[in-house]
Amino acid sequence: MVKLKAPGFSKSMLLLGMLFLYLPMVVLIVYSFNSSRLVSVWAGFSTKWYGALFANEQILSAVWMSLRIAFYSASMAVCLGTLCAFVITRFKKMRGRTLLSSMITAPLVMPEVITGLSLLLLFVQMAQLIGWPVDRGMATIWIAHTTFCSAYVAVVVSARLREVDLSIEEAAMDLGCTPLKTFFVITLPVIAPALVSGWLLAFTLSLDDLVIASFVSGPGATTLPMVVFSSVRMGVSPEINALATLIIAAVSVIAFMAWFWMRRAEKRRLRPR
Amino acid sequence: MTKKLLATPFAERVRAVVFHRRVVFGVPFAWLLLFFLLPFALVLKISLTSAVMAIPPYEPVFRWVENTLSVVVNFGNYLFLASDSLYIAAYWGSVKTAFLATLFCLLIGYPMAYAMARAPKHWQLVFLLMVMLPSWTSFLIRVYAWMGILGNQGLLNTFLMWLGLIDAPLKMLNTNFAVILGIVYAYLPFMILPIYTNLVKLDVRLLEAASDLGCRSLTTFWAITLPLSKAGILAGSMLVFIPAVGEFVIPELLGGPDTLMIGKVLWEEFFNNRDWPVASSLAIVMLALLLIPIVLFHRFQAREMEKNG
């Protein structure tokens with residue numbers, strides 16, 4: 001086979017594109033250590049903004065709130081998304097399957113303002129009719145995030161489900177396994193990597209959402225993106241630079257671990273037996 | 001084993017399978033019906049009411065007074081949107097901005113995806129992670145990063161003045177240029193990934209055959225690679241264009257007073273003016289506007305999901 005190489009133009013575009021993606025983040029990281037408030041002035045190395053960040057009660061409680069919501073939303077989204085993925089890939093002749101698959105993929109391309117507005121109107125109407133939710137807050141954000149995160153989970157899991165060899169499941173069923181037991185003993189371990197990556201994706205999406213949460217939240221629940229948004233609206237803030245650096249560091253560590261793990265799995269697969 | 005098989009009669013097994021299938025289908029279906037489809041019906045309903053000073057701030061559509069059901073449908077909001085040039089300008093501004101941003105994403109993203117797909121296997125994984133990593137960090141913070149770079153006292157202006165290229169700071173932040181730049185920056189990974197997945201599956205033998213038959217590399221690209229990657233280009237463009245039309249955060253942080261985008265107008269209508277009916281009708285018109293791209297993308301997605309199925 002002839003090895004096809006990328007032409008020079010596309011290679012240099014890749015380099016420039018990566019610079020474009022990463023330079024702004026490098027700028028944030030560098031300026032989080034700047035002791036001056038201004039971006040244009042470098043007044044020496046300092047970690048005082050990190051101290052200020054950890055003394056900021058409002059940011060800390062918002063972080064805790066966001067992490068809890070993201071955890072619950074991601075867990076529920078994995079359950080719902082996996083069920084949807086099952087229906088899409090396995091129940092080819094079921095009535096209502098097309099409607100379900102349309103409803104599950106629609107949030108992928110729905111503008112956030114519309115999703116947020118529509119869910120808020122639903123919660124207001126529900127409060128009028130059945131008296132719940134009395135106060136919008138964590139529970140309503142959880143429902144909203146679960147709904148849009150399920151879509152992403154369904155895409156990830158259904159891609160994996162399609163590669164699963166059905167004969168093993170059929171063998172288990174033939175040998176007297178109930179469908180439920182077959183799922184837990186055979187299917188679940190096979191699709192586990194997809195569930196993990198779906199969960200992580202849902203977790204980051206929920207953690208990151210500002211628009212939908214702003215619509216469906218009440219006075220009691222302030223998530224991290226809301227706090228960040230209200231402070232950056234006023235302009236550049238060094239504490240937010242410090243927060244950004246911590247987020248980028250955490251994500252980089254996780255990405256590096258994922259890369260290491262995937263490379264090891266690949267090597268093990270290629271190793272001659 | 002045989003004992004267990006005999007203990008569960010066939011009919012009972014079939015019933016168990018049918019029951020499980022119903023649960024697997026019913027739970028997500030009910031959830032999505034309640035939390036996805038019903039809310040849209042409500043947006044449509046409330047777009048047909050008029051605003052009042054009350055909680056919730058709109059008139060009911062159906063009213064039951066003295067044994068009479070009266071249905072009040074108000075098309076005033078839509079007429080209002082059509083008559084006020086602000087809203088038309090906002091829709092046009094959104095579509096124009098989103099189109100330009102999608103075009104730039106494609107021009108930058110396609111060559112990047114091409115180089116990634118042609119890179120050695122172990123490098124592909126690294127590049128893939130590098131493209132995806134920014135989208136795992138906070139969207140808000142990545143947009144915010146540009147505020148520090150583009151501002152009058154920002155990094156770029158300071159740098160250009162230091163070079164002596166300009167004497168006074170260029171106004172870059174709070175312009176439409178900044179909005180397009182922000183959208184390109186934030187959504188570039190969504191353009192690269194579908195094109196990359198498409199290009200990496202491309203049958204290399206086709207390109208070899210073309211070069212064996214004396215095709216020049218640029219001709220091969222136009223005649224073979226580009227048409228075959230059409231699906232990826234389409235998917236990437238939809239993934240950038242649709243959310244960009246409704247974008248709120250980027251025009252709010254990077255745009256100026258003359259940046260008119262519909263996501264921002266809807267937000268202000270809802271949160272600042274508390275006019276829920278007008279906000280709802282803005283959402284309905286936006287959906288109608290996006291219907292064609294959404295259906296296009298949805299058909300693409302369905303085809304992808306059906307493949308190898």
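In the predicted model, chain B is divided into two domains, with domain 1 covering residues 2-71 and domain 2 covering residues 80-306. The centres of domain 1 of chain B and domain 2 of chain B, taken over C-alpha atoms, are separated by 35 Å. Contact between the two domains involves 10 residues of domain 1 of chain B and 8 residues of domain 2 of chain B. On the side of domain 1 of chain B that touches domain 2 of chain B, 7 residues are nonpolar and 3 are polar, while no charged residues occur.

The overall dimensions of chain B were examined next. The radius of gyration of chain B is 26 Å, whereas a compact globule of 309 residues would have a value near 19 Å. Along the principal axes, the C-alpha atoms of chain B fill a box of roughly 80 × 80 × 35 Å. The secondary structure of chain B comprises 14 helices and 2 strands. Of the 309 residues in chain B, 42% count as buried. Among contacts within chain B between residues at least 6 apart in sequence, 71% join residues at least 24 apart.

Chain B also meets chain A, with 87 residues of chain B in contact with 79 residues of chain A. Helix α2 of chain B (residues 10-46) provides the largest share of the side of chain B that touches chain A, namely 20 residues. By class, the residues on this side of chain B comprise 65 nonpolar, 17 polar and 5 charged.

Helix α2 of chain B includes B:Glu12. Because B:Glu12 has 10 C-beta neighbours inside 10 Å, and 12 or fewer is the limit for exposure, B:Glu12 counts as exposed. Between B:Glu12 and B:Ser47, the C-alpha to C-alpha distance is 51 Å, at a separation of 35 residues in sequence.

A further helix of chain B, α8, extends over residues 176-200. At 1.5 Å a residue, the 25 residues of helix α8 of chain B should span 36 Å, so the distance of 35 Å between its end C-alpha atoms agrees with expectation.

How values were computed
Residues numbered from 1 in each chain as written. Chains lettered and ligands numbered in written order. Predicted model: local features only at pLDDT ≥ 70, side-chain atom pairs only at ≥ 80, totals over all residues. Domains from an automatic or database assignment. Contact = placed C-beta atoms within 7 Å. Nonpolar A, V, L, I, M, F, W, Y, C, P; charged D, E, K, R; others polar. Helix = DSSP H or I, 4+ residues; strand = E, 2+ residues; numbered from the N terminus. Expected span 1.5 Å × (residues − 1). Buried ≥ 20, exposed ≤ 12 C-beta atoms within 10 Å, placed from the backbone. Rg over C-alpha atoms; globule rule 2.2 N^0.38 Å.
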